[in-house]
Amino acid sequence: MEGSGDMLAIYNFNENEMIDGSNTLEFPDLDFVYADADSHTNEIAELYSYTEQPEFQHNVKAFEDQMEQYNLPPCWQKLTEKKQNGIILKLLDQLDMSKKTLRMKAARCILYLAQGCWAEVQSDQEQQMWAKKNVIMLYEAGVFAAFVELLNLEIDNSSTANIAMRKIAVSLADSIDLRVILSVLYIITEVMRAEKENKNRAHSHLVSNFITEITNPIGDELLPVKLLGMVTQFCTGMAPHFPMKKVLLLLWKISLVSLGGMDTLKGLKDKYRSVAGLSQNREDTLEISKVMRASSPPITAPSNDDNQNAKRSRPSRRGLIKQSSLDEQEQLGLEMEASTTENEEDLSDYFRQYEDPINGTNAATPDEGNTDNNGEEKDRNGTLPPAAPMEEVPQEITNRLPWAPKIRRKDIDIFLNNSRSKFIGYTLKDDHETLAGLPQPIQEGFKTLKKHMYVSLADIQIRREEEINRNPLSTSEGEIQLTPTEILYQAMLPNLSQYMISLLKILLAAAPTSKAKTESINIMSDVLPEDMPMTVTQSTKLGIDVSRHKEITVKAVSAILLLYLKHFKINHIYQFEFMSQHLVFANCIPLVLKFFNQDIMSYVGSKNIIPIMDFPSCVIGEQPELTSETMIIGDSAPYSWRNVFSCINLLRILNKLTKWKHSRIMMLVVFKSAPILKRTLKVRHALMQLYVLKLLKMQTKYLGRQWRKSNMKTISAIYAKVRHRLNDDWAFGNDLDARPWDFQAEECALKSGVDRFNNRRYLQVNNGILAGIDGLDYDDPIEGIGGNIGVTGVLGGDGIHAASSTVGSGILCANGSAGVGAVSVLGTSERVNACYGGLARKAEEIELSEEFKQNYEMWLHQEVYNNNIDWDALLSVEEFS
């Protein structure tokens, strides 16, 4: 019983704060700072599972044996730099030996060096200093490239995979060699990332060389593509022993260093907008959110999320009071006399406090000193506070909207056409300026809209693509710049759908709301030991380790997906849309909603960590005995950094997938996302709440009057925090673009544009070889890659997603073979060329892999015999006339 109490104390460390209703509503603001990654120390510690701790001693033993073989003392710090470099070169030579045991012994020695020779240090700071110094020496000697070759050998090691596939349960012992190799690669990458962030000039040339090395193919393919291939092999069951957490962490950090983080994205956006002749974007969401205040969660969130019963909703008077409070802060004292102190605090939390632009100080809230009872009596008796000078009145207005309003060109055109139809009786096609015959108020409104018009980089890129498609001979795209993002997209393009499906499968398996299924993939293979724990303490440690392992996996997958989406969107909008469609077809939207359909407060405040077992604390100094008391030593954070980071990433992914896509917004409505998102507002972090409010705003028009009536506080928060789009009737559902019968056509038109872009830009007539990538051959146009995926259904039919396949097939145009979905990608001349051999290849030019030859009969049944082909339509002459 005592052991059970220990486990309860560890898992529910902050139970009172999380579960009690009053405390939940007063959950303190999180001092979480959103960044590209956590601190360097935490990122290194998360690489290792707690069950790997005994293997640290194997590294020391291998190092000592190797030094004894070299007739040198086993003390790295006492050796001269020349001897240290000599030892590294000898270890590199040993990596080339044919005997695997010798190779892996040298690899363990190098891992010990990369870990900072922790057996010789006395503090964490000393370990970090030696780790950085050793990593620089290892990289200069060429260790990174050598370990990539070792990784290739292990990936191709079919015997290890076959042994793992025959086992009932794969454990930590099946991936020992792979984990050593991936750990060395990860430590080098993480140290280089830290040096890049610190902008250390002493090693700037090494960081630059490292970025160049991982941006270009190492051997035959890019390292990120190689790692994505490992993820795909793991999800298909061909390599169940791959340590997925380490693979995903390495993939994330390699992508982050090669592509760049938030600062790089901001610089690229400004650069590309400048080249396109657009104004610079001065409002950065992440920067502005840092000075925004978090709102209090809706008081009725626990009881009124899934029930809109009017009897349980709050009185309408309060809703009206909240709405009016957005107009004048000075009226709060009069309007909220009968309200509780809690409600007054909630309303004030909606507004962002700006600094005084003149004096450079925070302006005081009007009548701040007259909020007590005496002050209220004076107001009732008509006694006014001292009048302020007229010129100081603007300085007292502290509550302002954080964003400047925007409007799209499309919305201005709709406004202009409607005005012309109403006042003149006809419209002018492709005329965006003429105001003749329109009343003066309409003309002034048009000028105001033009003043706030925002032209995005995506609009320019789409317009350019349309012009190239209209005039393919006279319009040239010019030379495609091989940026790191462009190189990565070209390498990922042939198998991008498989990569996205695999990442989502892992995200589903790691989600805390997922139930264990026999057919699901086992992502715990690199955390479960060979021997199950025998004591309560060991069981508790393993339970924490498993939960920690899942959290780190979610963190890595969400960061990878968001990083790729953002870089593809800046590089070219159709690259972003191609990846987005594959995510949507693979049910990413209901998967993210399923992730948030949990007790989000418990997830954010979870304590799945044992500080004394984190590296390097677990190997430096004397280790205390592991008990329920020592498990929580050093754990003082009120929240989990990685869990908040994951939540924000997933919300941003959901926003990117659904923004301006009515069919996908309807998926949010169908899956009843409003109560799920509303519960997420309980986390008091401004940036997280901002993205939740954006998702609620885009679907408010579909939720009905009763929902808006009973959720006025949420509506007020949207008005106060989310950017206003002029002419956007988001709260009332009068949008003409939101007609349900247009959803399928909208998605199909987008897919047609994406496929046309990929075929034109990457599928050349020269024997069908993809431009810029050697060895990537296609038997079919790229439409076949994206068009035949359908609704993959990585979620299955559980929980809130039982209707996912039906909704997906009804709304999304995933089938490109018949009906509305049969959108032709190639133009007339291209179809003729394809039919008569322009895009076809000769038989002797086609190389078939051994795997294809072995499964040829299966391919015949799946692709030929079971497919119905309308030969009459295929051979119709009208198609080519």
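## Ground rules

Because the model is predicted, local features need pLDDT of at least 70 and side-chain atom pairs count only at pLDDT 80 or more, while totals for chains, interfaces and linings use all residues. Residues are numbered from 1 along each chain as its sequence is written, and side-chain values use heavy atoms, with hydrogens and water left out.

Helix names follow DSSP runs numbered from the N terminus: H or I of at least four residues for helices, E of at least two for strands.

Let's start with helix α12 (residues 204-215) and helix α14 (residues 244-259), which pack at an angle of about 115° with their axes 9 Å apart. Here an axis is a line fitted to C-alpha atoms, for helices over the stretch in contact, and the angle runs from 0 to 180 degrees between N-to-C directions. The two helices are therefore roughly perpendicular to each other; on this scale, under 35 degrees is roughly parallel, over 145 roughly antiparallel, 65 to 115 roughly perpendicular and the rest oblique. The crossing of α12 past α14 is left-handed, a label used if the near helix is turned anticlockwise from the far one by less than a right angle, with clockwise giving right-handed.

On the α12 side, F210, I211, I214 and T215 meet I254, V257 and S258 of α14. Sorted by class, this contact has 5 nonpolar, 2 polar and no charged residues. The classes take Ala, Val, Leu, Ile, Met, Phe, Trp, Tyr, Cys and Pro as nonpolar, Asp, Glu, Lys and Arg as charged, and the others, Gly among them, as polar.

Q689 sits in helix α35 (residues 686-699) and is buried, at 2% relative accessible area. Buried means under 20%, exposed over 50% and partly exposed in between, with a 1.4 Å probe and protein chains only. The side chain of Q689 reaches the backbone oxygen of L681 at 3.0 Å. Leaving out residues up to four places away in sequence, Q689 touches A294, S295, L681, V683, R684 and K721, where contact means heavy atoms within 4.5 Å.

V184, in helix α11 (residues 176-198), is buried with a relative accessible area of 0%. With residues up to four places away left out, V184 touches A107, I110, L111, V143 and F147. V143 is 41 residues from V184 along the chain, and their C-alpha atoms are separated by 9.0 Å.

R642 belongs to helix α32 (residues 641-658) and is buried too, at 8%. Beyond its neighbours within four places in sequence, R642 is in contact with E46, R548, E551, I552, K555 and N608.

Most residues other than glycine have a negative phi, and most peptide bonds are trans. C117 is not a glycine, yet has a positive phi of about 50°. This cysteine lies in the loop between α7 (100-114) and α8 (124-140) and is buried, with a relative accessible area of 0%. N587, also not a glycine, has a positive phi of about 65°. Its place is the loop between α29 (573-585) and α30 (588-596), and N587 is buried at 1%.

Finally, the peptide bond from F615 to P616 is cis, with omega near 5°. P616 is found in the loop between α31 (600-604) and α32.

Terms used: Polar contact = N/O pair within 3.5 Å; in protein donor to acceptor, adjacent residues only side chain to side chain.
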